[in-house]
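Please read these comments alongside the sequence and the coordinates.

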Amino acid sequence: MRLLSSCLVIAGLLAGQAQAECIRPADTTAFEVTGLKTRLMVTALTCDANSKYNDFVTRYRPELTSEDRALNTYFSRIHGRASAKQRDDYVTQLANSESQTGLKQGSLFCNTNLPIFDEVMALRGGAELANYAGAKSVGQPIATGGCNAEPAPTRTTTTTTTRRRR
């Protein structure tokens, strides 16, 4: 019985945590654009393409700023006062992950990622950046899940039985 109670408590805590850490569509876009920006930053540093990265940041500054604010909002909502540290940890892990990918790919990394600059700069405008970023599938070092709708309230019914006297 004690084991069952412990399991129920843990399940409740995990369910609460999963609900608290849900990712909304605006959050998804922020993570995807941040992932793309980080991939391009690592590519620029690894492949000596700093001017291409600067051109990207200059052209998409309004969109990048907006998505950065959305990312801050996500971390504030999920982590409260610890949001700045959690966000910094996330960005560091994301950059490290992209760097590790670069090390694993060796010379293929630049051949694979330098064309992304041309693709991004060929977009017709900032409105297309989020869709493009979503299609690039940058691996994320953070576990997030979709927000589930609030469960419908359960209706309980009580049945009473009466004993007949004989």
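**Notes on helix packing**

1. Contact of H4 with H5. On the H4 side the residues involved are Asp68, Leu71, Asn72, Phe75, Ser76 and His79, and they meet Ser83, Gln86, Arg87 and Tyr90 of H5. Sorted by class, this contact comprises three nonpolar, five polar and two charged residues. The model is a predicted one, and the points below should be read with that in mind.

2. Helix H4 spans residues 61-79 and helix H5 spans residues 83-105; they pack at an angle of about 125°, and their axes are 8 Å apart. An angle over 145 degrees would count as roughly antiparallel and one of 65 to 115 as roughly perpendicular; H4 and H5 are therefore oblique to each other. Their crossing is right-handed.

3. Ser83. This residue is found in helix H5 and is one of those that meet H4. Is Ser83 buried or exposed? Its relative accessibility is 14%, so Ser83 counts as buried, the cut-off being under 20%. Apart from neighbours within four places in sequence, Ser83 is in contact with Phe75 and Ser76, both of which belong to the H4 side of the contact described in point 1.

4. Ala95. Helix H5 also contains Ala95. With a relative accessibility of 16%, Ala95 counts as buried. Which residues does Ala95 touch, leaving aside its neighbours within four places in sequence? They are Thr38, Met41 and Val42. Gly35 is 60 residues away from Ala95 in sequence, yet the C-alpha to C-alpha separation of the two is 8.6 Å.

5. Contact of H5 with H6. These two helices pack at an angle of about 125°, with 7 Å between their axes. That angle makes H5 oblique to H6. From H5, the residues Glu98, Thr101, Gly102 and Gln105 meet Leu108, Phe109, Thr112 and Asn113 of H6. The classes represented are two nonpolar, five polar and one charged.

6. Helix H3. The buried residues here are Tyr53, Phe56 and Val57. They lie on the same side of H3, because the arc they cover around the axis is only 95°. The exposed residues Ser51 and Thr58 are carried on the face turned away from that buried side. As for packing partners, the buried residues of H3 pack against H2, H4, H6 and H7.

7. Helix H7. In this helix, which runs over residues 129-136, Leu129, Tyr132 and Ala133 are the buried residues. Their arc around the axis is only 100°, which puts them on the same side of H7. Asn131 and Ala135 are exposed and sit on the face turned away from the buried side.

Technical notes
Residues are numbered from 1 along each chain as its sequence is written. This is a predicted model: local features need pLDDT of at least 70, side-chain atom pairs count only at pLDDT 80 or more; totals for chains, interfaces and linings use all residues. Side-chain values use heavy atoms; hydrogens and water are left out. Axes are lines fitted to C-alpha atoms, for helices over the stretch in contact, and angles run from 0 to 180 degrees between N-to-C directions. Helices (H or I, at least four residues) and strands (E, at least two) are DSSP runs, numbered from the N terminus. Angles under 35 degrees count as roughly parallel, over 145 as roughly antiparallel, 65 to 115 as roughly perpendicular and the rest as oblique. A crossing is left-handed if the near helix is turned anticlockwise from the far one by less than a right angle, and right-handed if clockwise. Contact means heavy atoms within 4.5 Å. Ala, Val, Leu, Ile, Met, Phe, Trp, Tyr, Cys and Pro count as nonpolar, Asp, Glu, Lys and Arg as charged, and the others, Gly among them, as polar. Buried means under 20% relative accessible area, exposed over 50%, partly exposed in between (1.4 Å probe, protein chains only). The arc is that of the directions from the helix axis to the C-beta atoms.
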